Amino acid sequence: ASCVLITSYQCACGKAKEVQAVPWDLVVIDEAHRLRNVYKPDSKMARTLKDALISSPKVLLTATPLQNSLLELYGLVSFVDEKVFGDLDSFRSQFGSVKDAASFDALKRRIAPVCKRTLRRQVEAYVKYTKRIPLLQEFVPGEDETALYNLVSDYLQRDSLFALPNSQRQLITLVLRKLLASSTFAIAGALESLAKRLRQTLDEKSATLDLTEEFDQDFEGLDELAEEIDRLEEQEAQAGKKSKTEQEILTIKAEIIELESFRDLAVSITENAKGLALLQALKVAFQKLQELGAAQKAIIFTESRRTQDYLLGLLAKTPYAPGVVLFNGTNNDVRSKEVYAAWMEKHAGTDRISGSRSADTRAALAEYFKEQGSIMIATEAGAEGINLQFCSMVINYDLPWNPQR
C-alpha cells in the first residue's frame, strides 16, 4: 500500500539512518532554502539530510531561493544533483562572478534541467491571492530612546571591543542592532550579557560566556541569521584564558562601566514610542478591518522574546487584553499552558493529538487564536509550520532587515 510520511527537518535529521534505509519514491522538501548552505562544513543539518537522501529522487520547494550569494544556488542544486556544477571550486571559477550576459546565460542553461521558477503572475489565473493593503504608522523615539540608540551605535562602531569575540563580531553586532531597534527592553538584556562576559574575562578561572547561546534565549532568529551572513572561519583563541596586561585590564573595566551605564539607561526607559504607536496602529487597522468586513484578527511579529513580554504587558492594559496570545519557540508561559491543557481536554481520544508536547502546543495556540483570540504576538517561531491564513492583518513590529523574509 502507498504511504505518505510528513515530518520536520529536525525529526528527519535526528532519524537520518532510518530515513536513509527507506527506498523513497519521492522526497518533497518544503522551505528548501534552509538547505542552501549545505556546502559549508558547519551546516550540519543540511549535510546530514543530504547524505540521508543521496539516493532518493527529490523536489525542493522554496519561495526564498537566494539571499546573499550565488553559492546558495550551488548549495541547492548540489542537494538535488552534485554533477550539475561539480565541486565548489569549479563553480566559483565559472560562476563566482556573473557580470556579463554570456556567463549569465550559461548559468541559466546549466540549471534549466533541474530548476523551475514560477512567477506570481503565472499562477494568478488559478490561485486566488488576497489583496494586500499596506498601512504605515510613523513614530518618533523619545529623548532617552534616541540617546540610548546613539550611545550603543557609537559603541558598536569602534575598531576594537573586548566584549565581542572577533570570530563572531559581524553576527553579534547585527543581533545587537536588531535588538536595539526592537525595544529598550530587548537591548537591556543583551547589554547585561555583554557586561557579564567582560566580567568573566577578568576572572582567569571563569568560563567565558558564549554570546550566541545567551542571545539565542532572546533572539529566536539567531540560527537562521547566522546562516545568512558570512562568518569568519577563524575561531577566537581561548578568549579570557590568556594573561592580560595591566592596560588591557583597565580598558576592560572601563568597557564594563560603559555597558552597565547603557543597560541602566535602557532599564530606566519604561515606555517606548513604538509601543504607543502600536496601540494607535491597532485602533486604525481594526477599524479598517471592520470596514472591509474582515475578521478582527491581527498577528504582531517581533524578533525578541523580551519585546514580546513588553507588548503583552502593554496590551494587558487595553480592551484587547482578553484576546491576546503569545507564540514563540518555547511556549511555556502560563497562558500557553492553560490553552494547551484546554485543547488536550477538548480533543482527548482523537487523532488531533500527536503526542508531541511541542507540536500539540503550537496547534492549540493556533486554534485558540482562530476561534477565540484577536491578537497573536509571535516571534520567528510563528513564521513557519502553522496555518494562519484566517488572520486578516500582519504587523511587522520589528521590520525584517532582509527584504526576502
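# Close-up views of a predicted model

Asn-331 belongs to the loop that links strand E4 with helix H16 (334-346). The backbone angle phi of Asn-331 is near 50°, which is a positive value in a residue other than glycine.

**Glu-31 is a partly exposed loop residue.** Glu-31 is located between strand E1 (27-29) and helix H3 (44-52), in the loop that joins them. Phi of Glu-31 is positive, near 50°, and the residue is not a glycine. Is Glu-31 buried, partly exposed or exposed? The relative accessibility of Glu-31 is 27%. Buried residues have values under 20% and exposed residues have values over 50%, so Glu-31 falls in the partly exposed class.

**Four strands form an open sheet with parallel pairing.** Across the sheet the strands follow the order E4-E5-E3-E6. The edges are strand E4 (324-327) and strand E6 (393-396), each of which pairs on one side only. From one strand to the next, the twist averages 20°. For context, the whole protein contains 17 helices and six strands.

**Strand E5 pairs with E4 and with E3.** Four bridges connect E4 to strand E5 (residues 375-378), and the two run in the parallel sense. Within this pairing, Val-324 has Ile-375 of E5 as its bridge partner. Strand E3 (residues 298-301) is also joined to E5 by four bridges, again in parallel. Here Ala-298 is bridged to Ile-375 of E5, while Ile-299 stands opposite Met-376 of E5.

The parallel pairing of E3 and E6 extends over four bridges. The bridge partner of Ala-298 in E6 is Met-393.

Phe-369 is part of helix H17. Its relative accessibility is 0%, and Phe-369 therefore counts as buried. Leaving aside residues up to four places away in sequence, Phe-369 touches Lys-297, Ala-298, Ile-299, Val-325, Ser-374, Ile-375, Met-376, Leu-388, Phe-390 and Cys-391. How far apart in space are Phe-369 and Leu-388, C-alpha to C-alpha? The distance is 9.0 Å, although the two residues are 19 positions apart in sequence.

**Glu-367 is a buried residue of helix H17.** Glu-367 lies in H17, which covers residues 357-371. Its relative accessible area is 12%; the limit for a buried residue is under 20%, so Glu-367 is buried. When residues up to four places away in sequence are not counted, Glu-367 touches Trp-343, Lys-346, His-347 and Arg-352.

**Helices H5 and H6 pack against each other.** The axes of helix H5 (residues 88-95) and helix H6 (residues 101-111) lie 10 Å apart, at an angle of about 140°. H5 is therefore oblique to H6. From H5, the contact includes Phe-91, Gln-94 and Phe-95; from H6, it includes Ser-103, Ala-106, Leu-107 and Arg-110. Sorted by class, the residues of this contact are four nonpolar, two polar and one charged.

**An overview places the close-ups in the whole protein.** The protein has 405 residues, of which 42% count as buried. Its accessible surface comes to about 23500 Å², and 52% of this surface belongs to carbon and sulfur atoms. Among contacts with a separation of 6 or more, 73% are between residues 24 or more positions apart.

Terms used. Residues are numbered from 1 along each chain as its sequence is written. This is a predicted model: local features need pLDDT of at least 70, side-chain atom pairs count only at pLDDT 80 or more; totals for chains, interfaces and linings use all residues. Side-chain values use heavy atoms; hydrogens and water are left out. Axes are lines fitted to C-alpha atoms, for helices over the stretch in contact, and angles run from 0 to 180 degrees between N-to-C directions. Angles under 35 degrees count as roughly parallel, over 145 as roughly antiparallel, 65 to 115 as roughly perpendicular and the rest as oblique. Contact means heavy atoms within 4.5 Å. Ala, Val, Leu, Ile, Met, Phe, Trp, Tyr, Cys and Pro count as nonpolar, Asp, Glu, Lys and Arg as charged, and the others, Gly among them, as polar. Buried means under 20% relative accessible area, exposed over 50%, partly exposed in between (1.4 Å probe, protein chains only). Accessible areas come from the Shrake-Rupley method with a 1.4 Å probe; for residues, only the protein chains shown count as cover. Two strands pair if DSSP finds at least two bridges between them.
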